[in-house]
Amino acid sequence: MKTPLSWITEYVDVPDHVSTDELTARLTLTGLKLEGIHSPGAAITGPLVVGRVLTMEPEPQKNGKTINWCTVDVADANGTGEPQGIVCGAHNFAPGDLVVVVLPGGVLPGGFEISARKTYGHVSSGMICSAAELGLGDDHDGIIVLPADAGKPGEDVRPLLGLDEEIIEFEINPDRAYALSLRGIAREVLVSVDGASGFRDPALRDTPAANDQGHPVVVEDPTGCPVFVARTVTGFDPTSPTPDFIAQRLTAAGMRPISLAVDVTNYVMLETGRPIHGYDADALQGPIVVRRARAGERLTTLDGTARTLSDEDLVVTDDSGIIGLGGVMGGESTEMSATTTRVLVEAAHWDATSMFRTGRRHKITSEAGKRNERGVDATICEAAADRVVELLTTYGGGQVDPGVTVVGTPPQMPTITVAGDRAARVSGLDISEERAVEALRAVGCEVTGTGTLEVTPPPWRPDLTDPQDTTEEVIRLVGYDTIPSVLPKAPGGRGLTRTQLLRRRIGRTMAGAGYVEVVTFPFVGDHDLDALGLPADDPRRTTLRLSNPLSSEAPGMTTTLLPALLRTAGKNVGLGTTSVAIFEAAPVTLPRATEPAPILPVDRRPTDAELDALTKALPDQPLHLGVVATGEAEAAGWWGDGRAVSWSDAVDAVQVVAEALGLDLTSRPADTAPWHPGRCAALLLGDVLVGHAGELHPRVCAAFGLPPRSVAAEVDLDVMLEHAVHLRPSPTFSSYPVAKEDVALVVDETVAAADVEAALREGAGPLLESIRLFDVYTGEQVGEGKKSLAFALRFRAPDRTLKEGESSAARDAAVRVAAERTGAVQR
Amino acid sequence: MSGPNTEYDPVQVTPLDADQVEAMREAAVAAIAAASDLESLKAVRLEHVGDRSPLALANREIGALPPQARKDAGQRIGQARGAVNKALAERQVQLEAEHEERMLVEETVDVTLPTDRARRGSRHPITLQSELIADIFVAMGWEIAEGPVVEAEWLNFDALNLGPDHPARTMQDTFWTEPADHHVVLRTQTSPVQARTMLTRTPPIYVACPGRVFRTDEYDATHSPMFHQVEGLVVDEGITMAHLKGSLDHLASQLFGDGIDTRFRPSYFPFTEPSAEVDVRCFVCRGVDSDSCRTCRGEGWIEWGGCGVVNPRVLVACGVDPETYSGFAFGMGIDRSFMFRHNLEDLRPLFEGDVRFSSAFGSEI
């Protein structure tokens, strides 16, 4: 809400010693937050003066234009007192008119510097200004012609045009709709600023009594429209200009002046907070009827949009059909125009919820709708309509029709019962009941009772409905800045949960392993999933769709962290970081067939069954760990060559996390997108699949702009966290000598090393302390299609030194099992 | 070896002559001194101390002497051998020390060479900031509560006194999921975690809820469709706005420095009433000579978040008796807190994934 300061002080007196900064600081502390103080003339510097046009010579030009060579009296403002010669392209003025002249040395908005310059065969020493050139709206039709009594030539024009005005912009909280008006802001000044006094309520005026001579109005839905007031002006001159003070104030408020009739309705809305609608009365056919629309009825609103209505929309109709969306936007057929001479003024009170729903349904945001949906004083319809007809006839001529239509009565304000000490108990401040009552009365409430107060809010405060609402009023007027600072004493807490601690451990482990954490958006689209090469039936293709995604390219909640991580890695490579290793631990969204989430009551705790239904309606959202690496795992340097990342780095990234959680993961060959079909490991915890890791499919690398042989992993951290070992037992070590046995086994290339190792481990028996594969060899010596796996076995007994031959016997037993299971042959 | 020399004939055993022994000793000592490295000392040892060395051979001749001469000769040779061994040992130590010294000099490397063979990892600054904030609350005895990101509409709105027609619902531009009649949203705030906490625990409740939230904001320097919030909730007997102020002052001072406090301005949130905007004192200028301060842009205060006394309607919907208990709640952006704590003017680097950004913060902030 933007308003000139002078408009506020029209309704309330502020002591001279209170500066604008003090005033706005005080209002900020009581709830009207200052957004900024602007001055429309701030961008204009240098001489900007009143000029009287002495002569004007039209001079046709070769380009078809006619310019006027003018001499303008600017008195001594030009330093000489001689008339100023100025070329002007506009024609809407005549000798003798007062105009706005910017002299050489002046600067207009946009940094436009004025100097004497040669043009059209003359030296033009300055410029005669239009409103647009001064930044006062976008009217380019002609220059500003000042009223004949506006001032004397040579005078500074700024005060005349309101260019020096301080325009204050407030941020209005949605519960304070009353402050979307000068009436409300002035009242806030009155209650907030020390010494402010003399509030003059613009909605307090004597209005003529209702009679039956006004335009007939029938309200069929008094709940939706409790009050409808109609007044008519006849003989109105539609060509009458809007007076400057109205145009300037509307402009300051951010509304564009349009025509006197429209501007007056907007002006009264800003003044009182009550939205007004004006109809071309000659376009009305028969009585006005207010009702709910029938589903499917249509209306073209005055923004030119044809709308299909819902049976919840409140509409204004006449014999021709629907002529307006009540309280939200008028219709085209009865819109006021440049030929309207009879104006019907509607000031109606509408149900706020209906206004909100209609606005949202039709995606209409308007100044009227904003006020109507937040709650307007229902008692000022007659006053507002009366103010409109007064201004229309004052500035547009014509007569006020004696007919006064008033249908309905304003709804009663509720009474709130609240303990007199509630504000004290809630704030922690020492607020007496007397102080609380005083504050409530200051904001307009009627208060009765002691100990327990009966509070009736004023009609402009429909936001006050509960004891907590009146409590806030009291505390904000006493002052939020007086609330003391007291640290509450929490009972001894449990600290971070084990899962929270482990998640931190995972992050630190990954960082320690050389991976950089990134945070990505969880939105995904088909092209991402296509780029991963997911087959049509891959469950990751089933995403939870958003109704209103930011981008139609990514309308779903992602089921995998990989697309975003791959894109991120590609972006880094593109930026010249050729070795990238990143990870993210974040939830993914896995839809499942569900019932809708119920909308539960709010006047009681839901039952456990109801809460269970809420939980069951949500998709699975397991925490995933995604890893992508490309380039070198170890850098090349003076020490020698680097080492390119390989599938094994991706597997190991998961393994280090598993070790940090005390888990033993096993690998199995897998063929799963987006990985290379021969270089992908499924990672298992016992029989439970936790995810995959390996080298990416070459097509996937290409799709994400990554070099070939980039690697990735993705695992379900929730599964891993669930199995994380909590209390690990202390290990015991044997101090007897170790016996080492190496064994090289030749197997088919297709045999998994993990299977050979498992067989060896089983066959070696209880004396086996550890086993480690230390070499893989393929080549002529082992033959085509074969590979040799070299294992180092360590044997040790817990309680004695092994006897000669014991370890070799265990080794042989191990080899026998490996031979049986995997066809291994010892080299 | 000669047989026993039964006839004393000094001429026959000239090697045992005092002068001879002295000459052998001198020759050996001179050779030892002349050995310039361990290799040549080894040769000297063989020549002058070894089994075939003159002194060793002379020693063997002692048995051939008449008994009355053996003592003198033995003493003489023993002394000579002792002197030679001592010289040898000393030279050995000396040459070893020289050798080591030379070896160490030769092994000198350029220790200014780069050492970054292994990749360096780092954590995301927002994760670190969230953990730092969580730790501040945990130190106060609070607990950290969490909940799902895809959330039931009722928990994100209705339970928090944002009914279906509440104007505030349009303030928070919500991502809705399909089908619309399933009433599932991306949470617009971490407040549903507060509701879940009240629904599943009994007071006293002291929790903080950090997490990611979503709004349909176009992505620019100050808006992101996904960002991070931390909210706090206390429900206990006798809780007042003074406790709220105390908790926020404590968080501010822990996060931004000693003496940094907060101020309240009246505001509106459906889930709290009374409600307040909370500003944190500018930790750069501390409100003194703010005019030139770029962090607070001359205000002396920085808008930080929202807070208030939990609306009794919320307590009722979440199964807490508003007659017995009262509470407060607050929320602020983690990203925003990070931005002004670390002087970041555009939030997009937080979500762009340029590894240079995260790397700059390492693993602690």
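# Domains, spaces and contacts in a predicted two-chain model

Because domain 1 (2-39 + 166-192) and domain 3 (217-407) of chain A both contribute residues to the lining of the largest cavity, that cavity lies between them; the domain bounds come from an automatic or database domain assignment. The model is predicted, so local features need pLDDT of at least 70 and side-chain atom pairs count only at pLDDT 80 or more, while totals for chains, interfaces and linings use all residues. Residues are numbered from 1 along each chain as its sequence is written, chains are lettered from A and ligands numbered from 1 in the order in which they are written, and side-chain values use heavy atoms, with hydrogens and water left out.

**Cavities**

- On a 1 Å grid over the protein atoms alone, a cavity is a set of points where a 1.4 Å probe fits but cannot get out, whereas a pocket is an open set with protein on both sides within 12 Å along at least five of seven lines, and lining residues have an atom within 4 Å of a point.
- Grid points are joined across faces, edges and corners, and a volume is the space filled by probe spheres set on the points.
- The structure holds nine cavities of 30 Å³ or more, and the volume of the largest cavity is about 120 Å³.
- Thirteen residues line the largest cavity, and those nearest its centre are A:Tyr178, A:Ser181, A:Thr272, A:Asp377 and A:Trp460.
- That lining is made up of five nonpolar, five polar and three charged residues, where Ala, Val, Leu, Ile, Met, Phe, Trp, Tyr, Cys and Pro count as nonpolar, Asp, Glu, Lys and Arg as charged, and the others, Gly among them, as polar.
- The second largest cavity holds about 90 Å³ of space, and of its 15 lining residues the closest to the centre are A:Thr520, A:Phe521, A:Pro522, A:Thr558 and A:Leu561.
- Two or more residues of this second lining come from each of β29 (523-524), α15 (562-574) and β32 (580-587) of chain A; helices (H or I, at least four residues) and strands (E, at least two) are DSSP runs, numbered from the N terminus.
- By class, the lining of the second largest cavity has nine nonpolar, three polar and three charged residues.

**The second largest pocket**

- The second largest pocket contains about 1700 Å³ of space, and among its 41 lining residues A:Trp647, A:Ser667, A:Ala753, A:Ala754 and A:Glu757 are the closest to its centre.
- This pocket lies between domain 5 (498-723) and domain 6 (739-826) of chain A, because both of them give residues to its lining.
- The elements of chain A that each supply at least two lining residues are α17 (647-660), β36 (666-669), β37 (675-685), α20 (753-764), β41 (768-777) and β42 (786-795), and β41(A) gives the most, with eight residues.
- The lining of the second largest pocket comprises 19 nonpolar, seven polar and 15 charged residues.

**Domains**

- Besides the domains already named, the assignment of chain A includes domain 2 (48-161) and domain 4 (416-482), and the C-alpha centres of domain 2 and domain 6 of this chain lie 101 Å apart.
- Chain B is divided into domain 1 (10-106) and domain 2 (125-359), whose centres, taken over C-alpha atoms, are separated by 90 Å.

**Between the chains**

- The contact, which means heavy atoms within 4.5 Å, takes 102 residues from chain B and 107 residues from chain A.
- Together the two chains bury about 8600 Å², with 60% of it on carbon and sulfur atoms; buried area is the accessible area (1.4 Å probe) that two parts lose on being put together, summed over both.
- Eight salt bridges are counted between chain B and chain A, and a salt bridge is a side-chain nitrogen of Lys or Arg within 4 Å of a carboxyl oxygen of Asp or Glu.
- The side chains of B:Arg212 and A:Glu584 form a salt bridge at 3.2 Å, N to O.

**Salt bridges and backbone details**

- Over all chains, the whole structure has 69 salt bridges.
- A:Glu741 and A:Arg811 meet through their side chains in a salt bridge at 2.7 Å, N to O, and this pair links distant parts of the chain, 70 residues apart, with A:Glu741 in strand β40 (residues 739-748) and A:Arg811 in helix α21 (residues 806-822) of chain A.
- The peptide bond from A:Ala673 to A:Pro674 is cis, with omega near 10°, and A:Pro674 sits in the loop between β36 and β37 of chain A.
- B:Glu273 and B:Pro274 are joined by a cis peptide bond with omega about 0°, and B:Pro274 belongs to strand β7 (residues 272-281) of chain B.
- Although A:Lys363 is not a glycine, its phi is positive, at about 50°, and A:Lys363 is found in the loop between α7 (352-361) and α8 (367-374) of chain A.
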